Structures are given as C-alpha cells and as structure tokens.
There are 2 protein chains.
Amino acid sequence: MLVAQGLSAEDARITADVLLMADRRGIGSHGVARLKRYVDGIKNGVIRTHPAVKTVRETPVSLVIDGDGGMGQPLTYRAMQRCLEKARTNFMCFATIRNSNHYGIAGYYVLMALTEGMIGVSATNTTPLVVPTFGRNVTIGTNPIAVGFPGKNEKPFLLDMATSTVPRGKLEVFARKEKPIPDCWACDQAGQPSTNAAALLDDMINRRGGGLLPLGGGDELTGGHKGYGLSALVDILCGVLSGGRVGPDVARNNNAPAGVAHFIGVINPAAFMGLDAIGESLDEYIRLLKKADKAAGQERIYVAGEKEYIFEEKYREYVPLQKKVFEILNNIGNEIGLSITEYKKGKD
Amino acid sequence: MLVAQGLSAEDARITADVLLMADRRGIGSHGVARLKRYVDGIKNGVIRTHPAVKTVRETPVSLVIDGDGGMGQPLTYRAMQRCLEKARTNFMCFATIRNSNHYGIAGYYVLMALTEGMIGVSATNTTPLVVPTFGRNVTIGTNPIAVGFPGKNEKPFLLDMATSTVPRGKLEVFARKEKPIPDCWACDQAGQPSTNAAALLDDMINRRGGGLLPLGGGDELTGGHKGYGLSALVDILCGVLSGGRVGPDVARNNNAPAGVAHFIGVINPAAFMGLDAIGESLDEYIRLLKKADKAAGQERIYVAGEKEYIFEEKYREYVPLQKKVFEILNNIGNEIGLSITEYKKGKD
C-alpha cells in the first residue's frame, strides 16, 4: 500500500515492520490500523515520500537531522542505525530529528538498541492533546518516552509510556460503554477535571477547550505538574534541541507538514560496568521487584515491558486484527487494486 | 559542624552550599535541617569523612565512581566537575556513583551544569519508601530525577521531581492537620490506597507494610505503573549501571553503609543546535506555555523550576528557618562548643 503511494520498497518495509511490531506487542492503536492515516498523509502532501533528508549537525556522539517532511519510521530507523554505529566506537550517541511525521511506537527504536546489546532511548512530540497544569486548552502532546536496558537471562526492562495519564482512545472506550472515567484523565473547557468521557470528547473534537491531563492529573496535589514537566521535557529534547517545532505548533493541521520531532539515543553498556555485569544486575533487580509481596487480590507484579513481551510470545505465529481494522486495510487495498483474503473470526 | 566531625573544610563547604541552595529554593526538607542526620551518620560510621574514592571505569564520555561510603555532596560535586570538563571537549559525559550517601537536592548538580551553559541531568536512588504497582511493601525509593536546559533571557527549565506522587513529609503534614489525603499518595499494609494519613504513617513506621505510591497512584487505570516504571528507571541508571545497590538494599539500616547510588550527566548544547539557538527556542517555548489560557480560578501557568526561582529571588538576602530547625542546629552546635545567635521571629 505504501509502495503504491510512491514510497521506496525499503522505506515501506521499515514502516511495515514498525507497525507490525506494535500489533505483535499488543499496542493495536499504533499497528497497521495507522496505515490509513499514512496513506492519507502522503496523498495530502503532509508526508513526503522522497524527502531531501539533511544532517544539520554531527559530532562523534550526536546528530541533528532534518527530515524534510518524510515518513517518521524510515527517518528514525536510519538515524538509530547511525547512533548504534557511533555508540559502538564512541560509547554513546544521541540524535534529534526535526520536520518528521508520526514514527509509530517509541519503543521500536529502543528495541533496535536492545537487540544489539545496547541501552536505548526514544521520545517524540505529538499533536497537542494535553492541557498544562492550571491551563484549559490543549498545548502539549501526549509526548511518549521509552527507555530500555538489556538483561542477561531476563527480558529487557523497557519502559514505553505516554506522559499523559491515558491516550485519547481510552476516553473513547469509556464513552462507548457510558462509564465514568477517573478524574485524572481529562479536563473540560473550563479546565476542571471531569468524569464524563462523552462530553469531554465532544468539547475536544469541536475545539471548545479541555483536553487530556498529564500523568498525575489536573492538580499539583496529585502530582499533575510532574506529568506536565515530563511532557515539556520531551518537547524540549525533541523540538528545542533540533531547532524544530514544539507544543501547539506540532501536527495541528491535517493539510500542512506536521513537523513532528524525535529524540533517540544509544548508550553502550561498556561506558559503565559492561553488558555482562549490567545484564546480571538488571536480572537480579527484575527478580527482586517481581518477588515483592503482592497487594490483596493481586497475583503478579509486572516490570516495564513485561506485558508487551507476553503479547509478543503469544503472537509469534499470527496477530489477530479487529474486523474494523481489516475493513480499513481492505478499503485502501481496493483503491489500488490489492485484494486481501477473507476476514476470519478467530478465538482472540 | 561538619568540620568538627572530621570532614575537610572543602567537603564541608560543598555540602553546606548544597544544603543552603535547597533552603534558598524553598525546599526546606533538604536544607540545613538535614545536618543532624549527616552528623549522626558520620558518628555512626555510615558516612566516611575520608573515603578512598576510586574511578572504576572511564571513557571520554563516561565515569563510574566508587564513593567508598563518603558524603554524597562532595562526591557528586566533583564527579559533576569532571563531567563538565569532559563535555566541554567531548560534547557530553555521564557518571554513575556507587557506595555514596544522601546527596541533597538532585537539582543542585543540574544547576552546576546550567551555570556553565550546559544541559544537566541528575538522579539518585533513596531509602525504599515506595510500593510497586500491585505490591504492598516498600521496595523502591522516591528516586528523584532532575533535568535542566539553559534559556537565553528566561530562567532555565529545571524539572526536579521525586517519582512518587508525594514525599513522606506530605503525609506528616496532613496527619498533623487530621485531613484526609488524596488516595493516590499511599497504600496500607494490604496494598490498598487509603486516605488516613495517621494510620498509614503508623503502619510504615512500625514496618507493618504499606508505603508511598508511585506518581499516578496505586492503579494502572490512573497511570501508577508509569510512576513505578520511572522509579525503577532511576534505580537502574544509578544502581545497575554503577554496579551498586538497588531497591530495598539501599539505606535500610541506620548503622550500616547506606550504599546510595547516583547518576549525573552533562550535554553540551554544541552537540545539537548550540547554546544560542537552544536558549532562544527554549525562551519561546516557555513563553508559549505561560501564555496558554488559564483554567477557571487560576491566574498563572508555571514552568518546571519557576517556583524555585521565585524563592531564590525572595531569599537573596536571608533564608528564614523554622524554630525547630534552629533548635536542631543549636543542639549540634552546643555539643561541639559552637554558639549560634538568638532566634529572631521574622515576617516569613
């Protein structure tokens, strides 16, 4: 589908791999369901299939890249490859990428580092959906950050989290079920936390105000200023360090370049105690967390990334797709003469 | 007082500066009130006044330091000076420090970087006071992280936050006032969120279980697993990368070496768009956040670090001390023949 829109086979392969990895890890919101938006983005000229990518600055341990409006996945994949190469000899490398687009799950690029026995970091700014502490309009993104460390026998530690309490999709789930939401998820047009998901979504969609709340909710008393600070931190790492866009200037208009910015990096464990020692120590730490006494009614304590690895084990052979997603894919396919096999209802 | 306990004049000067900076920035919990614990730590042999500090590993962009049980402040101050020197020529440097002690406010070492026009980061693990998501006993620390970026005309962005929703001191304030606390602050011995601060503190102090909750509270629904993940991230950066202690093994016993570990670092803005461009872009970003529409009843949106800078302006001439803190200092002083002038009740 992406090749049919003019993307090179290699760029399409990279993008598809990032999307499939999201589905395999149970993060369907960032899986192949996103293809529709990418295809539309290319059609609208928001995404350039053959951008003139430039390295704006380069040192032995850093890169600033201008993506010229290209697809986020191939841009970031290639920047990560360069970071990995530099970190092998120079112990670490961080890159900022400006003028990019949606890059999929932040964790994908960290997984690239983990596969090579390296420590990885990845963050991106996003469409503004989040209200700063004491504000009432969307000003900052859900700005996710991902960090991963390689274990020895245990799976890696892989924290991959939006800096808002929840993504907007969660409000949609609760609105459909007509269930009240926790009051740390979103605020209304007056900036007041609310539990009415349907009304909040209506305000947001019609741009009357209100939006998602940062991790910690809408009040300093519950730590909302910390989530707000983390979101701003990601904006600075991505948009300020790269000379790119930040806050409300990111991806606000569906018919203009999105100007999303990313921050990625690799640390070679040899810069510290080395891969073996760090892996062993991380294994011990993970076991220690997992064996801690459980709360009443709980059977298991998880470590960051563990739930996604459970999905990956489970979805080794195939990944179930919602019928709605199948239909989206089929519609794109039909437009370009690609036929997709029949939807089968599985046990998942 | 520290010199009287055997610390060198230079180490005492550094430690005093870190403590005073906390008081000046309105973080009294980490100010001179801490002197009592440091003096006791030296007396009990938990803190060594003349540690045999070793550089375990060194690369052009990294350091691993073994603090041999020395004071956290001089250890980290000197490591930060070395990071700054390396970052000037090699564009960045990160250091992990093991076998250390309480190092004061995380932000102090970031301020050292900001003063030199550099980007700074600082984190430390702490006494376990926090319960992991789905747990019921303290297993991880309040593990603060601080990150700062230099502005041009605006004050720096300086995020300095514990990864728990609140510190234990907040529960004490509410217990004294017999006010219920928000249910995202702490959980009881069964691992259930509770609003009864006095009962929670009683459980914690008598080690019956329960403890502080990570940022986001006690449930995945409210994002508690994110705060838990951030706390673990800090533990890994500090204790795992350095080959030091983590989680429940940190500072559990008042009569044995604490084994606190830190992670600090410096990024030279020249690795990215340079100090001038980054400063200007950060200024714009800060103004953009501050001018966003305010929630009903709110007059001001703050940026990370802003409140502390307001305190610093206000406390340029003198820093008010609570009478209780004055008495603590006077008691230490009396023991070693140091007299302190009379306590004056001020307008603060």
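**Two chains, one axis**

User: How can chain A be laid on chain B?

Analyst: By a turn of 180° and a shift of 0.0 Å along the axis, with an RMSD of 0.0 Å. (Copies are superposed by least squares on C-alpha atoms of residues with pLDDT of at least 70 in both.) That is the relation of a two-fold axis. Keep in mind this is a predicted model, where local features need pLDDT of at least 70, side-chain atom pairs count only at pLDDT 80 or more, and totals for chains, interfaces and linings use all residues. Residues are numbered from 1 along each chain as its sequence is written, while chains are lettered from A and ligands numbered from 1 in the order in which they are written.

User: Which residue of chain A comes closest to the rotation axis?

Analyst: Gly216(A), with its C-alpha at 2.4 Å.

User: New topic: what's the strand order in chain B's open sheet?

Analyst: β1-β2-β3-β11-β4-β7-β8, with mixed pairing. Strands are DSSP runs (E, at least two residues; helices are H or I, at least four), numbered from the N terminus, and two strands pair if DSSP finds at least two bridges between them.

User: Which strands stand at the edges?

Analyst: β1 (54-59) and β8 (157-161) of chain B; each has a single partner strand, so one side of each is left without a neighbour in the sheet.
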